[in-house]
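Open the model in a viewer and keep the selection panel at hand. The tour below goes from one selection to the next.

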Amino acid sequence: MSFKELKLHPALLENCKELGYETATPIQAKAIPVAISGKDLLGIAKTGSGKTASFVLPILNQLLKDYAGEPSRQPKVLVLTPTRELAMQVTDVFKSLSQNLTRSIKSMAVYGGVSINPQMKAMYGVDILIATPGRLLDLQQSKAVDLYKVETLVLDEADKMLNLGFQKEMEQILDLLPKRRQNMLFSATLSKELEGLNNIVLSNPIVIEIADQKGKEEEELINMSGYFVSDDRKGPLLRHIIRKQEMKQVLVFASSGVKADKVAGKLFKNGIDAASIHGKKSQSARSNALRDFKSGELRVLVATDLISRGIDIDNLPYVINYELPRSPKDFVHRVGRTGRADAEGMAISFVTREETHHFKVILKKMKRYVDMIDSETLDFKP
Ligand code: AMP
């Protein structure tokens with residue numbers, strides 16, 4: 001479907017063209033008309049499906065129609081994300097689609113891990129606020145922002161936003177919002193958390209599910225392989241694979257921040273350019289590592305599951321599970337970083353003998369089969 005058929009403002013059509021968006025993706029074709037109608041919406045679509053623009057475009061379209069009003073600290077749109085990186089990524093989409101509009105629309109991201117003062121100052125005149133929950137509450141408590149005028153609430157990666165970790169903060173935020181508002185929830189999977197809190201956040205939502213059909217196509221684009229390997233041989237195996245397969249850009253997942261640092265440090269010592277990214281790193285280190293990795297400057301990024309949510313990396317060719325995640329859902333998010341936007345990707349998992357059963361459970365959930373390679377048969381120096 002063309003964007004023109006979606007009845008978007010001509011300036012937005014121009015910006016889509018500028019970004020190379022020729023036709024609307026399935027989630028955009030379905031979600032944009034619902035969003036424009038003002039109804040609540042639950043969109044089930046994976047990152048990579050174009051889901052961000054499916055809420056960004058109708059939101060900008062609506063703001064262009066509204067009376068701009070005096071600049072204030074009262075955003076009309078609030079987008080909540082579980083990670084700082086996702087908040088920045090969503091803000092980039094808002095900013096690139098807000099170029100040269102008939103009135104200027106200000107979007108900004110606020111998140112923790114960086115100084116709060118510049119965010120307080122920059123808040124003046126904000127139309128669209130993209131936030132992680134903790135920092136948003138801090139700003140609200142310091143009266144830097146007033147959420148009373150929010151007309152549209154978006155929860156990106158909604159299943160994560162509504163799970164236990166964020167529950168208290170989410171309840172506080174929902175209490176600060178006007179009761180009459182439009183709600184849009186987006187999630188890669190329809191999970192229990194969503195079903196439960198659905199009733200609190202959404203009223204009579206239109207449910208749009210793209211995941212199944214798109215998921216299949218995407219899965220076909222992800223080639224999977226696995227190695228049986230003992231813990232002490234994982235490091236040498238990782239280096240062997242990266243060198244042998246001449247991998248230029250590879251995202252490696254580890255189970256903890258400490259482990260991610262260790263793996264990255266060992267690679268670096270062995271002449272393979274690598275950095276780590278996890279919740280204990282400073283925000284500037286996180287941002288720099290992700291920027292360098294996305295641009296192709298950094299060869300290996302070793303991450304915890306923090307990064308597996310929502311992050312869009314153009315044509316990422318390789319994901320390696322240095323350690324398996326506990327939940328199959330995290331596995332899906334991890335391997336979903338590759339094999340996107342019609343480009344093939346490879347997801348490689350390191351499995352210890354003790355984890356054989358766990359890996360089988362994960363694969364069963366994904367309805368996939370993987371031929372395992374025994375790393376003992378490979379010739380590399382431990
Ligand atoms: P998302 O699922 O929102 O993370 O988007 C994934 C990628 O698809 C981003 O790099 C977008 O720039 C791109 N994208 C979004 N919509 C379109 C479209 N209609 N045509 C082409 N690319 C798009």
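**Stops in the sheet and at one end**

Select residues 77-80 and 128-131: strands β2 and β4 run parallel here and are joined by 4 bridges. Two strands pair if DSSP finds at least two bridges between them. Within this pair, L78 stands opposite L129 of β4.

This is a predicted model, in which local features need pLDDT of at least 70, side-chain atom pairs count only at pLDDT 80 or more, and totals for chains, interfaces and linings use all residues. Residues are numbered from 1 along each chain as its sequence is written, and side-chain values use heavy atoms, with hydrogens and water left out.

Next, select residues 51-65. This is helix α3, which packs on the sheet and touches β2, β4, β5 (152-155) and β6 (182-187); contact means heavy atoms within 4.5 Å. The direction of α3 makes about 165 degrees with that of β6. Axes are lines fitted to C-alpha atoms, for helices over the stretch in contact, and angles run from 0 to 180 degrees between N-to-C directions.

Then take residues 133-141, helix α6, which packs on the sheet against β2, β3 and β4, its direction at about 125 degrees to that of β4.

Now show the whole sheet: 7 strands, paired in parallel, form an open sheet in the order β3-β4-β2-β5-β6-β1-β7. At the edges are β3 (107-110) and β7 (206-209), each pairing on one side only.

Finish at K7, in the segment before α1 (10-18).

Note on methods: Helix = DSSP H or I, 4+ residues; strand = E, 2+ residues; numbered from the N terminus.
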